[in-house]
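Keep the viewer open and click along as you read.

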Amino acid sequence: MSSFEFVVGHRGNGATGESPACPENTLFALRAGLAAGMNGVETDVQLTSDGRFVLFHGDELADGRATFDVAAEELMAMDFGAKHKLQGDEAKELDLLEELRVTMSRSPSLSLMSSGVEEDEEGEEEEQDVVTAIDAKFDAEHAATGPAWCVAPVQQCRAKCVPSLEEWLKELVDHHAALPSAERKPFKCILELKSTKFAEAGPVRLLIDALVDWLEPLAKVGVHVTLSSFCHDALMHAHEYASSEEVGVRGQLRLALLFNRYNKPLPSDYLATVASHHGDEVHCGYFALDADVVSAMHAANLQVMAWVPHSHALTGKQMDEQHARLQSIGVDIMCCDHLDRLIN
């Protein structure tokens with residue numbers, strides 16, 4: 001691991017080498033990043049039309065609908081495969097059965113017919129038996145040869161879809177709970193509030209309510225949650241509600257103000273803005289940070305996270321130079337698309 005306190009996988013695993021490794025903001029990407037050794041992860045939270053939360057970067061779907069106008073069930077049945085270097089956030093529907101057929105075609109012994117399962121009148125319980133049988137065959141034949149985070153074919157289909165917030169948090173709890181106590185290290189889970197709806201207090205309160213029951217199980221295994229947003233009002237709402245007597249979880253949440261969405265310099269009053277919104281961290285693009293700025297943030301008792309936007313298309317050498325510069329000026333957290341350039 002580098003000298004950064006936290007190396008954070010951008011939207012999961014980000015990218016490995018010169019091409020995207022996994023669809024961003026998916027459980028597949030999360031598992032790959034954990035296997036790579038990251039000790040933090042950043043993902044994007046969207047509110048759905050039925051009041052649930054899913055992890056997806058874009059505010060709109062390919063058909064022009066706003067994400068918050070779509071129900072969670074529909075979103076979670078889609079594979080956005082947002083491999084940013086290739087296709088941005090263009091969405092395509094994922095046919096789970098077709099994905100399963102493709103996977104099975106690569107392993108002929110994994111067939112529905114060979115599972116020994118017969119249909120019943122209802123079909124539902126029997127369908128689950130088929131899934132279980134296929135997964136068991138895959139585990140028996142491929143566990144020894146595949147990467148540690150590779151899962152059975154039916155599970156892989158789901159792992160490449162848009163996950164719910166609950167699925168993401170459960171994955172983190174299960175992963176860290178399975179580690180020996182001596183191997184558990186502090187892990188940072190950054191949830192960026194993406195939806196424009198988070199400018200309103202109601203959706204932020206709904207998110208806090210969804211997180212409350214997860215904070216203790218996460219903390220028990222060393223995972224700590226930071227809420228971040230370019231919408232600073234959303235963080236004010238989070239602070240006020242989490243600090244309220246009825247909720248009382250402010251001490252278990254960190255708040256991070258995001259700056260420099262469009263490569264602009266930090267505003268002159270950024271420290272006052274952070275203070276007035278009760279921020280604990282500042283997250284911004286690498287180009288806005290120098291030794292004086294980082295020192296000023298540390299003097300205000302703020303953690304500093306930098307990221308290198310993939311839109312800058314830096315070469316590997318340029319990325320390494322920026323990582324070295326950011327470490328030398330005392331940046332605490334590095335959020336990156338190329339974990340392999342910072343780990344091992």
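Let's begin with Leu255, which you'll find in strand 10, residues 253-258. Bear in mind that this is a predicted model. Is Leu255 buried or exposed? Its relative accessibility is 1%, and buried means under 20%, so Leu255 counts as buried.

What does Leu255 touch, once residues up to four places away in sequence are set aside? The list takes in Thr226, Leu227, Leu235, Ala238 and His239, then Arg250, and finally His278, Gly279, Asp280 and Glu281. Take Thr226 from that list: it sits 29 residues from Leu255 in sequence, yet the two C-alpha atoms are 5.5 Å apart in space.

Among contacts with a separation of 6 or more, 67% are between residues 24 or more positions apart.

Now for the wider layout. The protein has 12 helices and 13 strands. Out of its 344 residues, 52% count as buried.

Next, look at a pair of helices. Helix 7 (residues 165-177) and helix 8 (residues 201-220) have axes that come within 10 Å and cross at roughly 10 degrees. Angles under 35 degrees count as roughly parallel, so helix 7 is roughly parallel to helix 8. On the helix 7 side, the contact is made by Leu165, Glu166, Leu169, Lys170, Leu172 and Val173. Helix 8 answers with Leu207, Leu211, Trp214, Pro217 and Leu218. Sort the residues of this contact by type and you get 9 nonpolar, 2 charged and no polar.

Leu172 from that contact turns up again in the largest nonpolar core, a set of 73 residues. Leu172, Leu227 and Leu289 are the ones with the most contacts inside this core, and Leu227 is also one of the residues that Leu255 touches. Helix 8 gives the most to the core, with 6 residues.

Which residues is Leu289 in contact with, leaving aside its neighbours within four places in sequence? They are Cys284, Val294, Met297, Val304 and Ala306, along with Arg325, Leu326, Ile329 and Val331.

One last stop: there is a second, separate core of 8 residues, and Leu61, Ala72, Leu75 and Val162 are among them.

Notes:
Residues are numbered from 1 along each chain as its sequence is written. This is a predicted model: local features need pLDDT of at least 70, side-chain atom pairs count only at pLDDT 80 or more; totals for chains, interfaces and linings use all residues. Side-chain values use heavy atoms; hydrogens and water are left out. Helices (H or I, at least four residues) and strands (E, at least two) are DSSP runs, numbered from the N terminus. Buried means under 20% relative accessible area, exposed over 50%, partly exposed in between (1.4 Å probe, protein chains only). Contact means heavy atoms within 4.5 Å. Axes are lines fitted to C-alpha atoms, for helices over the stretch in contact, and angles run from 0 to 180 degrees between N-to-C directions. Angles under 35 degrees count as roughly parallel, over 145 as roughly antiparallel, 65 to 115 as roughly perpendicular and the rest as oblique. Ala, Val, Leu, Ile, Met, Phe, Trp, Tyr, Cys and Pro count as nonpolar, Asp, Glu, Lys and Arg as charged, and the others, Gly among them, as polar. A nonpolar core is a set of buried Ala, Val, Leu, Ile, Met, Phe, Trp, Tyr and Cys residues joined through side-chain atoms within 4.5 Å.
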